[in-house]
Structures are given as C-alpha cells and as structure tokens.
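The following note sets out a number of points for a colleague who is examining this model. The sequence and the coordinates are shown first, and the comments come after them.

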Amino acid sequence: MNPIRQIAFGYSTKCNIRCGHCVASDDSIPHGKMTLEKAMAIIEQMVRCNVTGISFTAGEPLIFFEDMIRLVKLCHEKEIYSRVVTNCFWAKTSEHADETVSALTRSGLSQFRLSFSRWHQEHIRRENVVNAANSCQKHGLDYFISFVTDFSRQDDSLEQFLRDNHLKFFPEPVIYLGRAQGFDPRRILTDYHPNTCNMNPYLSPELDMFACCDGGDQFKETDFFLLGNLRDYGIDELFKRKENKVLFHLIRTMGLTSIASYLGLKANEIVQYRKCELCEKLFNSTENLNTLEKAATSDLLNWKR
Ligand code: SF4
Ligand code: SF4
C-alpha cells in the first residue's frame, strides 16, 4: 500500500507583511522564490510519486496571484487536493474578496486556510478575514480560519470576534521558533498526553525538503529534519527518507512525551513544554540526538507498556 503523501509547498518565502511571531518568513531564512516552470515540473514529479495533497504556504502565496492560479489549475488537472494559506491582504472589500475567491474556485482550489492572530492583525484589518470567509461561503469554497494564539487573555476579544461573525476557526498554538523565539512562553500545564505529530513535509524555494513543515528549517544545531535537496535526489527518495527513518516513525506513533521520558526528562518538566518546544529540546541537541539515534532501533523502540 502506498503511504499517504502530502506536502507543504514553499513556492516563495516572500511576504507582504511582517508578523512578530512568524516562523516561515523570519529574518534568518533567505526570502527566495522558485520559478513557475520549476514549480510546475516539481508538481508533475509529485503526481508520479503519489502525492495527493499540496498546501501552498511559507510566505504569502497570493502576492504571486497569477502563478498560484496556474499551480492550482495544475493540481486540479492532476487530481491533487490543493490548499492555499493566506493572510487575506487581498480581501479589503467584499468585491475584492469575490474577485480572488471566484478566480481560485474556477481554477479548482480545494480549500483556503485563512490566517488570523493578534500579530497578523497588526497589519491586516480583521474585516478582511470576514470578507474572505464570507466570499468562500458564497462561492462554495471550503475554508477555515487558523487562529494562532498563545492562549492569553489578550486574545479573548479576537476569538469573540470570530464567534460573533459565525466563522469556522481552529485555535492553533503559536510556535516559539523563528521570530517568536524571543517571546517569553507562557507556561501552560497540560495533561500528560502523548504529543504525537503528523509531520507534514515541507519543500523550500531553494528545493530543500524537510520532514516537518513547522520546525523544519529551524533546528539549526542538528538539521534533524533536513531530508536533502531536490537537485541531488528525487522526490520519491526524499519521501522514503521521511517514511523510513525510525525516529520520525516514533514521533508519529509513540509521541514526544514517551521519547522525553525515555531520555530522562522528569514528568513534571515534560508537562510544561508545548509540543514543538519539547521536540526542539529532544532533537535540536547533538547530545540528545546521538543518544536517541543509537536507541531508536532497540531500547527506545521497545519503550512501551
Ligand atoms: S503572513 Fe504568514 S508568512 Fe507572512 S509574516 Fe505573517 S506569519 Fe509570516
Ligand atoms: S512537534 Fe516537531 S515534528 Fe511536530 S510540528 Fe513541531 S517541530 Fe515539527
């Protein structure tokens, strides 16, 4: 059976705003863009490697609107599920929103993911997100709002705004990497849950492929998630590296909490970490990674009830 293959496609890391919490387009990342021809050729290769879903993300994809129309059309022709992640800069009025949404719907876009947070909304009016969501409903385009939050009381009014406008939204924890690395993470004690992670891979404009789309290029001490560059390896080979690496398999199935416990972290310390923070603690340290790599196919693999 073929594994399910989906990917976050970083056509470009350029963005038209500068959110204070951004992981994807922060200053340590080169703000590159692949050519349209290259992107189309890669999607054709992905079809042959059984990729079934592509999420266009990284910077703001719709600053390259005509290119996105071409790429979404290609996905539609090849029966690939397509999603565009956007900050809604283009939805200043309901008429502007309709223009963009109808063009993408006609091109075969499967879903819009609309970003919303107190950091995005320093640059984009919150009404833009309402215009975009309403336009999706009008045109029958699936959408949801990704409400990035640190769960502080400051975000209550933003959440209430989404509820008052009857919008479909899902809270998503801010990731304390990239520009948010300097934030003081609020300690939230969670239950002792497993912290498994789906690990969607990410392709950068420079053609580096990473096993994770959120922390992918951020674990700089170990480059734990780097799978290789498409100039040197085929897409199938890079997907196989992700699928066959035992530690990635353990993150997906066993979860980070058990891995941390195996490594010796105390239970009352583990419950103070958010998922990606715990992941960084475990895998962005050469010492920890060496220990876990050695144990991955023996003791750690058998570390179960
Ligand atoms: S819109 Fe997205 S890519 Fe652009 S700065 Fe904000 S978080 Fe980063
Ligand atoms: S927990 Fe690790 S693998 Fe999962 S999204 Fe966070 S950094 Fe990536």
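1. Ser115 is a residue of strand 4, which spans residues 111-116. The model is a predicted one, and in it Ser115 has a relative accessible area of 10% and is buried. Beyond the residues up to four places away in sequence, Ser115 touches Val85, Thr86, His120, Gln121, Val129 and Ser146.

2. Gln111 also belongs to strand 4. Its relative accessibility is 8%, so Gln111 falls under the 20% limit for a buried residue. With residues up to four places away in sequence set aside, Gln111 touches Tyr81, Ser82, Arg83 and Val84, and also Leu141, Asp142, Tyr143 and Phe144.

3. Asp142, one of the residues that Gln111 touches, takes part in a salt bridge with Lys168, with 3.3 Å between the closest N and O atoms. Asp142 is in strand 5 (residues 142-149), while Lys168 is in the loop between helix 5 (156-164) and strand 6 (169-173); the pair therefore ties together parts that are 26 residues apart in sequence. Both partners are partly exposed: the relative accessible area is 32% for Asp142 and 38% for Lys168.

4. How many salt bridges does the structure hold? The count is 16. Side chains of opposite charge can pair when their charged atoms come close. One such pair is Asp156 with Arg153, whose closest N and O atoms are 2.7 Å apart. Asp156 is partly exposed at a relative accessible area of 34%, whereas Arg153 is exposed at 70%.

5. A further salt bridge joins the side chains of Glu293 and Lys245, at 3.2 Å from N to O. This pair links distant parts of the chain, 48 residues apart: Glu293 is in helix 11 (residues 286-295), and Lys245 is in the loop between helix 6 (235-244) and helix 7 (246-253). Glu293 is partly exposed, with a relative accessible area of 35%, and Lys245 is partly exposed as well, with 24%. Elsewhere, salt bridges link Arg5, Asp236, Lys240 and Glu243 in a network.

6. The shell around ligand 1 consists of 10 residues, and the closest are Cys15, Cys19, Cys22, Ala58 and Asn87. By class, this shell has five nonpolar and five polar residues, with no charged residues.

7. Is Asn87 buried or exposed? At 4% relative accessibility, Asn87 counts as buried. Apart from its neighbours within four places in sequence, Asn87 is in contact with Cys15, Asn16, Ile17, Glu60, His120 and Ile124. For Glu60, the C-alpha to C-alpha separation from Asn87 is 6.8 Å, and the two residues are 27 residues apart in sequence.

8. Cys88 is found in the loop between strand 3 and helix 3. The phi angle of Cys88 is near 70°, a positive value in a residue other than glycine. Most residues other than glycine have a negative phi. Cys88 counts as buried, at 0% relative accessibility.

9. Met199 likewise has a positive phi as a residue other than glycine, near 60°. Met199 is placed in the loop between strand 6 and strand 7 (202-203), and with a relative accessible area of 3% Met199 is buried.

10. Met199 is also among the residues that surround ligand 2, together with Cys197, Cys212, Asp214, Gly215, Phe219, Phe225, Leu256, Lys275, Cys276 and Cys279. Which element gives the most to the shell around ligand 2? Helix 10 (residues 275-283) does, with three residues. The shell around ligand 2 divides into eight nonpolar residues, one polar and two charged.

11. The second largest pocket holds about 290 Å³ of space. Its lining is formed by Tyr192, His193, Pro194, Met254, Thr257, Ser258, Ser261, Trp303, Lys304 and Arg305. By class, the lining of the second largest pocket has four nonpolar, four polar and two charged residues.

Definitions and conventions:
Residues are numbered from 1 along each chain as its sequence is written. Chains are lettered from A and ligands numbered from 1 in the order in which they are written. This is a predicted model: local features need pLDDT of at least 70, side-chain atom pairs count only at pLDDT 80 or more; totals for chains, interfaces and linings use all residues. Side-chain values use heavy atoms; hydrogens and water are left out. A salt bridge is a side-chain nitrogen of Lys or Arg within 4 Å of a carboxyl oxygen of Asp or Glu. Helices (H or I, at least four residues) and strands (E, at least two) are DSSP runs, numbered from the N terminus. Buried means under 20% relative accessible area, exposed over 50%, partly exposed in between (1.4 Å probe, protein chains only). A residue is near a molecule or strand if one of its heavy atoms lies within 4 Å of it. Ala, Val, Leu, Ile, Met, Phe, Trp, Tyr, Cys and Pro count as nonpolar, Asp, Glu, Lys and Arg as charged, and the others, Gly among them, as polar. On a 1 Å grid over the protein atoms alone, a cavity is a set of points where a 1.4 Å probe fits but cannot get out, and a pocket is an open set with protein on both sides within 12 Å along at least five of seven lines; lining residues have an atom within 4 Å of a point. Grid points are joined across faces, edges and corners, and a volume is the space filled by probe spheres set on the points. Contact means heavy atoms within 4.5 Å.
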